[in-house]
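Please keep the sequence and the model at hand while reading.

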Amino acid sequence: MAEPMLRLDDVRLVYNRGRVDEVHALRGVELSLQPGEFVTVVGSNGAGKSSAVQVISGGARPSSGRVRLNGVDVTNWPDYRRAGLVARVFDDPRIGSAPELSIEDNLALALDRGRRRTLRFALSGARRRLLRERVARLGLGLEDRLHDRVGLLSAGQRQSLTMIMAGLTAPRVLLLDEHLAALDPATAQRVLALTAELVTEMGCTTVMVTHNMDHALRMGDRLLVMSRGRIIHDIPHAGKSGLTVAGVVDLITGSGDVVSDRSLLADLETQEAPK
Amino acid sequence: MLENILIDALVTGLPLIPVFLGVYIVLRIREDFDLTVEGSFALGGSVAAIMIAAGIPPALAMLAGAASGATAGLVTTLLSLALRLPVLLAGLVMNMALFSITLRVLGMPTVSLSGATTIFTAIAPAPGRAADLATSLVLALIVVAILTAFAVFLKTRLGLALRASGVNARMVRSQGVSDRGMLALSLIMSNALSAFGGTLMVQMQGYADVNMGSGIFVAGVGAVLLGVLFVNPSGSQVIRIAVAVLLGGLLYRLILVAALRFGLPAGDLRGVTALTLVVAVAAQAYLAPALDRYGIRLRGWRRRARPSSPGESHGVIPMEASHG
């Protein structure tokens, strides 16, 4: 078997160790992802999904265990050093881009991810053409608004822009941390379609955390169910295709966790409602 | 009268433009407060004054002065990062420390440059109206060169990273930029600029004084707010940034010089500085929205985006309040 693109070895993450509010966010996570593999991650609140993303992106340093990217031990690398390998899209559309800067400046910033920031001009003619062409593919008309401040865009436009930014430098690993959570259903569908398109095109290893069981089942080749800081189910593509939304919910509740998510319950209702 | 006021404002205001540019970097780009600039201004001026008085070429002395400011900025960064002090507090500490260091550099509270060769002596041997005009011309050339170089720098990949780093640290880090590095860069640059302004000031006024930096931070904030009130550049409009600093700085100086010319005692100038700042802030907070209601657009101080919970609106989250 080929060297995994992403590997977590017994990763533990403890917040506020030794204090009354000590939290064990991750309790020994083992994960190995092959190049190009696309996994979706579900679990109730506090299951450790976002902590896992943090550990992979470098936003949090594990209390113990190792993180390997493409065979390199990156456990002690800060997030900005990993950015050349790992691209990330946040749950809050406002985090992924700088509101005070123009669309093209935001894109130019992403174009140099993982490279030294030199004293060459950030935007050349060739770069502008490339960025315009990338943005045009969104079909949102943003290619004519490249000088507009990103702060003027809607949440959906901003999240789409962040997706484009993430894909500009062909990352090895793409982390999507509930990146549709703040979008209305129609916008979420559009950004989801864009996600599928970009992931297929880049062929990068992708981890998509979601609260939407339907998305979790439809996207990706593998489904991880997390509970209380561990991966409790690791369902390959074959097993996944037989699952229903209710089945996934059973997997989560079966671990003793409460399913509190509104969108999830809404999904259940629509599924169970007699036509 | 008016001519005198204008020339006075130019001669005394232009040396301060690099300082105000430094304040702009930290205040508007990093959204932070660095009081080190006050100490750097006096330190840079004093280092240059001592060297010029010793007969060293002024250009070299000015470079050394700027370097001393850059060092001060670096120390503030290290204090802030190593001790996890807020930049405001680290700058406050440095400001105190730099007073003693500047006094050591000067050896006495004031050092005169009379008789020494400055950048102005060659072109303006005799004091008077012609000399003032020549002085302001030289200063204007230097200031325009600095503002242009700064605007070009902001357009580079490094400059873009600096512009992005202030508001959204998580975002710039996810794009592979070290926000600590950007903090260091911004403080080093702003203090080097402030010290450089000090070297211009001592040559213009003919002496260095250990207290010359006192109050200059608040003056810088007032000037930047004034400039922003009229120009309001976004983070991507680098030419507007340069114009805002120049306009705000000269306007601020014009107010001070006019107050002086109209008979206000020199001791009241600090009060005028404070008042300018208050009026600039008030104008942005109250006057701009009020005028906006009557269709008059005064470009305002940027509003910070307010966090709004998902679900509060249907799908499209308002990213930030519009101006006015």
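Two strands are taken to pair if DSSP finds at least two bridges between them.

**Strand pairing in chain A**

Strand E1 (residues 6-15) of chain A and strand E4 (residues 64-69) of chain A run antiparallel and are joined by 5 bridges. Within this pair, Leu8(A) has Val67(A) of E4(A) as its bridge partner. E4(A) is also joined to strand E5 (residues 72-73) of chain A, again in the antiparallel sense, by 2 bridges. Here Leu69(A) stands opposite Val72(A) of E5(A). The hairpin formed by E4(A) and E5(A) has 2 residues between the strands, and Asn70(A) in this hairpin takes a positive phi near 55°.

Strand E3 (residues 38-42) of chain A takes part in parallel pairing. Its pairing with strand E8 (residues 205-209) of chain A extends over 4 bridges, and Val39(A) stands opposite Val207(A) in E8(A). Strand E9 (residues 222-227) of chain A likewise runs parallel to E3(A), with 4 bridges joining the two. In that pair, Val42(A) has Val225(A) as its bridge partner.

The pairs described above are listed below.

| Strand pair | Sense | Bridges | A residue pair |
|---|---|---|---|
| E1(A) and E4(A) | antiparallel | 5 bridges | Leu8(A) and Val67(A) |
| E3(A) and E9(A) | parallel | 4 bridges | Val42(A) and Val225(A) |

**Burial of E3(A)**

The side chains of E3(A) are divided between two directions: Phe38(A), Thr40(A) and Val42(A) point one way, Val39(A) and Val41(A) the other, and all are buried. Because 5 of the 5 residues of E3(A) are buried, this strand is largely enclosed by the rest of the structure.

**Chain B**

Chain B contains 12 helices and 2 strands. Along the sequence these elements follow the pattern α-α-α-α-α-β-α-α-α-α-β-α-α-α. Of the 324 residues in chain B, 49% are buried. Among contacts in chain B between residues at least 6 apart in sequence, 76% join residues at least 24 apart.

Helix H3 (residues 36-53) of chain B has 18 residues, which at 1.5 Å a residue should span 26 Å; its end C-alpha atoms are 25 Å apart, in agreement with that expectation. Since 18 of the 18 residues of H3(B) are buried, this helix is largely enclosed by the rest of the structure. Gly55(B), which follows H3(B), has a positive phi near 90°.

**The contact between the chains**

In total, 41 residues of chain A are in contact with 29 residues of chain B. On the chain A side, the elements that give two or more residues are helix H2 (79-82), helix H3 (103-111) and helix H5 (155-167) of chain A. H3(A) gives the largest share, 4 residues. By class, the side of chain A that touches chain B has 19 nonpolar, 10 polar and 12 charged residues.

**Confidence in chain A**

The average pLDDT of chain A is 89, and 92% of its residues score at least 70. Over residues 271-275 of chain A, however, the pLDDT is below 50, and this stretch has 2 contacts in the model beyond near neighbours in sequence. Where pLDDT is low, the predicted coordinates should not be read in detail.

Key:
Residues numbered from 1 in each chain as written. Chains lettered and ligands numbered in written order. Predicted model: local features only at pLDDT ≥ 70, side-chain atom pairs only at ≥ 80, totals over all residues. Buried ≥ 20, exposed ≤ 12 C-beta atoms within 10 Å, placed from the backbone. Contact = placed C-beta atoms within 7 Å. Nonpolar A, V, L, I, M, F, W, Y, C, P; charged D, E, K, R; others polar. Expected span 1.5 Å × (residues − 1). pLDDT = per-residue confidence, 0-100.
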